[in-house]
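Let's take a walk through this structure together. Have the sequence and the 3D view at hand as you read.

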Amino acid sequence: MIDAPAIVFVVDDDPSIRGAVVRFLKSVGLQVEGFGSAEEFLERQIHSIPSCVVLDVCIPGIDGLEVQRSLAERNANLPIVFITGHGDIPRCVHAMKAGAVDFLSKPFDNQELLAAVRSALSTHRHALQRENELSILRRRVESLSPREREVMAFVVTGMLNKQIGRRLGVCEKTIKAHRARVMEKMRADSLADLVRMAEKAGIEVPKPLVCSP
Amino acid sequence: MLARLSATFINLPATEVDRHIDRGLQLLVEYLDIDRSSLAEFSEDGRQLLVSHSYTRPGFAPFPRVNIAPLWPWYTAKIWQGELLRFTRLPDEIPPEAVHEREYFGRNPVPQSHLAIPFKVGNSVLGGIGFGSFRRVIDWPDDLVKNLRVAAEIFANALARRRAEEKETRLREQLVLASRVSLMGELAASIVHEVNQPLCAIVSNAQTARRMLAGGEFNLAEVDDALGDISRDGQRASAVISRIRGLFNKAPLERAALDLNELIREVVNLCRWEMTRRGVVVKLALVDHLPSVQGDRVQLQQVILNLMTNAADAMEHVERGRRELTVRSATDRARNVFVSVKDCGVGIDPQNSEHLFDSFFTTKPGGMGMGLAICKSITESHHGTICASSNSDRGSTFTFILPGIQENVL
């Protein structure tokens with residue numbers, strides 16, 4: 001899905017501007033869909049394809065900031081490139097703070113628009129990749145048995161097998177076996193690798209005990 | 001005879017004054033059995049003395065309708081000073097210092113006797129009336145002169161009244177214009193937006209078309225499409241400018257048969273962006289088959305725009321999603337046309353209801369208080385009325401009513 005061709009959604013109630021933007025983006029080889037209102041756009045299903053939205057801040061009905069919020073709620077964090085008219089600067093700053101990629105004022109230069117769109121698509125692509133990686137990692141963690149998960153948590157703190165064994169009240173050999181299974185299931189190439197995965201997956205690491213003599 | 005003259009002029013509307021003065025002069029000429037009578041008025045700066053009315057007995061040389069100040073400077077100066085001039089035997093009695101006058105009467109027919117009576121209103125001399133006799137010598141006895149002075153007064157008063165009315169009309173027109181210009185300010189955001197949109201699309205489409213051509217391999221149909229859109233958008237921008245220019249026009253009053261529904265739609269279109277920006281939702285409830293109204297298009301649009309702007313102002317403190325403005329048109333059996341603008345804003349304070357349409361009455365800080373007064377002035381000049389009421393739920397409704405053009409019943 002991530003490698004599917006990216007798609008740009010253009011939302012503007014003005015048919016002249018919408019037509020021009022759609023035409024331009026298509027002419028550079030992008031997939032483009034145009035919408036005459038934010039409501040129409042929000043009815044469209046968003047899949048995990050790299051995409052972004054080119055949106056006019058001041059269209060009647062639901063405004064651009066609402067769209068941003070609505071998308072965030074649906075977990076479709078599409079980057080938005082805002083186009084603005086005269087006097088919209090305060091709203092744009094607001095939009096920027098809420099996470100818009102960029103804003104361009106009318107009349108905009110096609111090249112600037114393209115740069116903003118490309119940047120937005122790239123951002124989304126990376127975000128999707130990260131999400132994908134994360135869900136893979138999570139699935140792998142879920143495939144571990146409770147014991148294996150426990151062992152993994154200690155392993156990534158750098159404790160030796162012997163220490164782990166003592167901590168869990170299990171012999172070292174068993175720990176070694178668990179460790180091997182963890183490395184296999186997690187498909188980690190090295191301890192460092194495992195540590196990175198644990199971080200990404202947000203695995204809770206046990207606190208070190210006060211050293212006992 | 002004086003009584004008759006007086007009665008004629010007493011309540012004469014400004015437009016009738018000229019005709020009656022001409023008639024009055026004729027009456028005097030015939031009554032006095034003289035041959036010519038003319039009325040001349042000073043221009044506002046006092047430099048010109050223009051003959052504006054004259055009656056000449058058929059067969060005699062009419063008095064030229066010119067500025068006599070350069071021709072007869074001595075004479076003009078005397079009139080300006082309010083001095084009565086009595087000549088029994090002309091041209092002998094022309095004083096030596098009146099050089100131009102002597103010269104003039106060397107070349108032109110001169111009456112035997114002439115009487116010039118300046119007429120004043122208050123302390124200023126507005127002009128004078130001259131009486132000339134060719135056929136006989138008249139020595140202008142005192143009681144005759146006294147009566148003619150009274151006649152002159154009557155003319156003077158009528159003229160003064162007319163001048164005042166004309167001035168008032170001019171001022172009112174200037175005010176209407178000034179208010180229109182200030183209303184244009186309200187439209188500024190709309191104008192800018194409506195022109196900027198197509199321009200933005202034009203720039204983008206042009207860049208795209210060039211890009212397509214530069215790429216070498218291009219689809220001619222696509223390039224043609226882009227150019228077609230450019231053309232269309234150029235016309236869109238042009239149309240907006242035309243509409244705005246129409247509103248700025250200082251053309252004198254143009255009366256035509258108007259469809260108020262069309263006027264309403266145009267105004268709504270013009271301020272669409274401004275209303276959107278202010279979060280106001282405009283609803284239209286226009287009735288079909290509205291009778292036409294005789295009127296000035298721009299002035300009536302000015303009224304509609306003013307009422308809509310006021311409505312938007314009244315709703316400033318209403319929650320953004322709920323600012324509703326409704327423009328309605330209606331008619332009745334007498335073919336009157338009703339246009340109303342309804343809002344859901346602050347409404348009308350009963351204390352103010354008497355003064356709403358007064359000049360300089362405003363409830364807005366920084367407001368000039370002329371908007372509604374001008375709306376009233378415009379409506380009334382169209383033989384209509386304007387009124388306001390508070391709605392039963394919230395907000396107010398402003399309505400103006402104009403007489404519709406009656407259908408010709410065959």
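This is a predicted model: local features need pLDDT of at least 70, side-chain atom pairs count only at pLDDT 80 or more; totals for chains, interfaces and linings use all residues.

Chain B has 410 residues, and 45% of them count as buried. Its secondary structure is made up of 10 helices and 12 strands. If you look at contacts in chain B between residues at least 6 apart in sequence, 68% of them join residues at least 24 apart.

Now for the interface. The size of an interface is often expressed as the accessible area lost when the parts come together. Between chain A and chain B, about 1,700 Å² is buried, and carbon and sulfur atoms give 50% of it. Within chain A, the residues that lose the most area to chain B are S16(A), R23(A) and N110(A), which together account for 32% of what that side buries. Counted as contacts, 17 residues of chain A touch 21 residues of chain B.

What holds polar partners across this boundary? The rule finds 11 residue pairs in polar contact there, both residues being at pLDDT 80 or more. On the chain A side, the elements that give two or more residues are α1 (15-27) and α5 (110-143). The largest share, 6 residues, comes from α1(A). By type, the chain A residues that touch chain B divide into 8 nonpolar, 5 polar and 4 charged.

Finally, the interface has 2 salt bridges by the rule. In one salt bridge, R236(B) pairs with D14(A), and their closest N and O atoms are 2.7 Å apart.

Key. Residues are numbered from 1 along each chain as its sequence is written. Chains are lettered from A and ligands numbered from 1 in the order in which they are written. Side-chain values use heavy atoms; hydrogens and water are left out. Helices (H or I, at least four residues) and strands (E, at least two) are DSSP runs, numbered from the N terminus. Buried means under 20% relative accessible area, exposed over 50%, partly exposed in between (1.4 Å probe, protein chains only). Contact means heavy atoms within 4.5 Å. Buried area is the accessible area (1.4 Å probe) that two parts lose on being put together, summed over both. A salt bridge is a side-chain nitrogen of Lys or Arg within 4 Å of a carboxyl oxygen of Asp or Glu. A polar contact is a pair of N or O atoms within 3.5 Å; within protein, one must be able to donate a hydrogen and the other to accept it, and residues adjacent in sequence count only if both atoms are side-chain atoms. Ala, Val, Leu, Ile, Met, Phe, Trp, Tyr, Cys and Pro count as nonpolar, Asp, Glu, Lys and Arg as charged, and the others, Gly among them, as polar.
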